[in-house]
Amino acid sequence: MLTKRRWLAAGAALAVVGGGVASAQTATAGPAPRQCPTLHVTKGWYGDNRAKLQKMIDEQGSCSGSDGARPVATFDWDNTVVKNDISDATLAWMLLHDKVLRPASWKATNKWLTDDAAAALTKACGTSVPAGHPLPTSTDTGCTDEILDVYNDEKTSGGKPAFEGEWNHRRTVPSYVWITQLFAGHSPDALTSYAAKARKQNLAAPIGTEQTVGTHKWAGYIRYYEQQRDLIGTLKKAGFDVYIVSASAEPLVRAWAPGVGIDRDHIIGIRNIVRDGRLTTGVQGCGDVKDTNGEVLTYMDGKRCWINQEIFHVKGAKAWQQQDPAHRAAFAAGDAETDVTFVGDATAGHLAINRNKTELMCRAYDNSDHRWIINPMFIEPKKRKTDPYPCSTAGSVQPDGTLAPIHRPDGSVIPDQQDTVY
């Protein structure tokens, strides 16, 4: 270690520049070279994807030399930032720990729930537990199985449809609404605490773990994708404003997002209406759609609406429309049809995690703006889809639920696409 005297001597020696005497400060005159944040994780990125992402970060972030507004990056959560689904994990934990409260009426939980489903749930779960009290789902496998059948299969255990009626298939899914409605009666903080306990359990379980819930086999582990954690961190260092936009209930995402450096002000999820400090079965609306029973979620076109409304402060019916480039995210990442609209809205880069989801992969493989990046899942990737994606005939879900050809922005039809990144 240098003594103080030696440090001073060294400083004096450095001050002699070009045969003259200069101060240590002037000896290193000129701006320091710009330090560009770089991605560090290399494993798991397909082909030159990492280089493409780095180029996008350099061009859009702090290394671009732009002094304008911070670019925005938006990420889906489940199976995009983490492997597996935090809604499924939290529901499983709650069922195994008797945290689902019996509703006064199953039929009243969801506007699309069928009479058959309500009757099956009432029969399976009984009426002996007072409304608002915990159902004994850790031991009552019949009740647990019926809840999971209705949620996961959208059918009763007897095979009858669990949901019926009309809804905009690009804005909501009744079963997605219903899982949030099963959380009714708890405070948002309590729900976050349950998600945190499920998080601890699922992170500790080995990759590939299954758990038994009722008599159902259910995914029993979750992992953060280290590649996405690195990407999010690098984007933030490069000056991006990074948001999570998830079709999971927002209190659940609050338990997980800090693990990748995202705070609660940068989370947009399904927002159930809170009354007297407790979650209800009502859901906040978006744009020109008022608070609803779940007609609008952070799902497909609904994600665009929520991004426009919450990040870019676009109000009313205009929030459903694609905005000008200055009011859109620079980068977006997703894994399914749930994400196709907001990922496609990004101006500088679209990352598609390949889970063989037709509409997203059709747009990604077509790559009409040459800014799409496709990557296999980082853990337990899907096998190659052997048949072409039916982009030209049945690639896009319509508001009424029918399937139609996918059109590019110029109106032309995207041809069928082969699955080549797996």
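I started at Trp-178, which sits in helix H7. I am working from a predicted model. I looked up the accessibility of Trp-178: the relative value is 0%, so this residue counts as buried. Next I listed what touches Trp-178, leaving aside neighbours within four places in sequence. The contacts are Trp-106, Thr-109, Asn-110, Leu-113, Leu-121, Ile-147, Val-150, Tyr-151 and Phe-163. I also took one distance, from Trp-178 to Met-56. Their C-alpha atoms are separated by 39 Å, and the two residues are 122 apart along the chain.

Then I checked the rest of the helix. H7 covers residues 174–181, and seven of its eight residues are buried. I therefore note H7 as largely enclosed by the rest of the structure. The buried set is Pro-174, Ser-175, Val-177, Trp-178, Ile-179, Thr-180 and Gln-181.

**Confidence**

I looked at pLDDT before going further. The mean for the protein chain is 92. Of its residues, 91% reach 70 or more. Residues 1–33 are another matter: pLDDT stays under 50 there. For that stretch the model has nine contacts beyond four places in sequence.

**Helix H4 against helix H8**

At what angle do the axes of H4 and H8 cross? I read roughly 100 degrees, with the axes coming within 9 Å. H4 is residues 86–96 and H8 is residues 188–204. The angle makes H4 roughly perpendicular to H8, because 65 to 115 degrees counts as such.

I wrote down who meets whom. H4 brings Ala-89, Thr-90, Trp-93 and Met-94. H8 brings Leu-191, Tyr-194, Ala-195, Lys-197, Ala-198, Gln-201 and Asn-202. By class, the residues of this contact are seven nonpolar, three polar and one charged.

I kept a reminder beside the residue numbers. An α-helix has 3.6 residues a turn, so residues three or four places apart point the same way.

**Disulfides**

How many disulfides does a search of the whole structure find? It finds four. I numbered the bonded cysteines in sequence order and got the pairing 1-2, 3-4, 5-6, 7-8. I followed up these pairs.

Cys-36 to Cys-63: the sulfur atoms are 2.0 Å apart. The torsion about the S-S bond is about -125 degrees, so this disulfide is left-handed. Cys-36 lies in the loop between helix H2 (24–27) and helix H3 (49–60). Cys-63 lies in the loop between H3 and strand S3 (72–75). The bond therefore ties together parts that are 27 residues apart in sequence. Cys-36 is partly exposed, at 33% relative accessibility. Cys-63 is buried, at 18%; the cut-off for buried is under 20%.

Cys-286 to Cys-305: here the S to S distance is 2.2 Å. The S-S torsion is -105 degrees, and the link is left-handed. Cys-286 is in the loop between strand S11 (278–283) and helix H11 (301–310), while Cys-305 is in H11 itself. The two are 19 residues apart, and I noted the pair as linking distant parts of the chain. Cys-286 is buried at 1% relative accessible area. Cys-305 is buried at 0%.

Cys-362 to Cys-391: the sulfur atoms are 2.0 Å apart. The torsion is about -90 degrees, so I marked this disulfide left-handed. Cys-362 belongs to helix H13 (residues 358–366) and Cys-391 to helix H14 (residues 391–394), 29 residues apart. Cys-362 is buried, with a relative accessible area of 0%. Cys-391 is buried, with 0% as well.

**Positive phi**

Last, I looked up backbone phi. Most residues other than glycine have a negative phi. I noted two residues with a positive value.

Asp-276 has a phi of about 55 degrees. Where is Asp-276 placed? I found it in the loop between strand S10 (272–275) and S11. Asp-276 is exposed, with a relative accessible area of 77%.

His-313 has a phi near 60 degrees. His-313 lies in the loop between H11 and strand S12 (331–334). Is His-313 buried or exposed? I read 57% relative accessible area, so His-313 is exposed.

Note on methods. Residues are numbered from 1 along each chain as its sequence is written. This is a predicted model: local features need pLDDT of at least 70, side-chain atom pairs count only at pLDDT 80 or more; totals for chains, interfaces and linings use all residues. Side-chain values use heavy atoms; hydrogens and water are left out. Axes are lines fitted to C-alpha atoms, for helices over the stretch in contact, and angles run from 0 to 180 degrees between N-to-C directions. Helices (H or I, at least four residues) and strands (E, at least two) are DSSP runs, numbered from the N terminus. Angles under 35 degrees count as roughly parallel, over 145 as roughly antiparallel, 65 to 115 as roughly perpendicular and the rest as oblique. Contact means heavy atoms within 4.5 Å. Ala, Val, Leu, Ile, Met, Phe, Trp, Tyr, Cys and Pro count as nonpolar, Asp, Glu, Lys and Arg as charged, and the others, Gly among them, as polar. A disulfide is a pair of cysteine sulfur atoms within 2.5 Å. Buried means under 20% relative accessible area, exposed over 50%, partly exposed in between (1.4 Å probe, protein chains only). pLDDT is the predictor's confidence in each residue, from 0 to 100.
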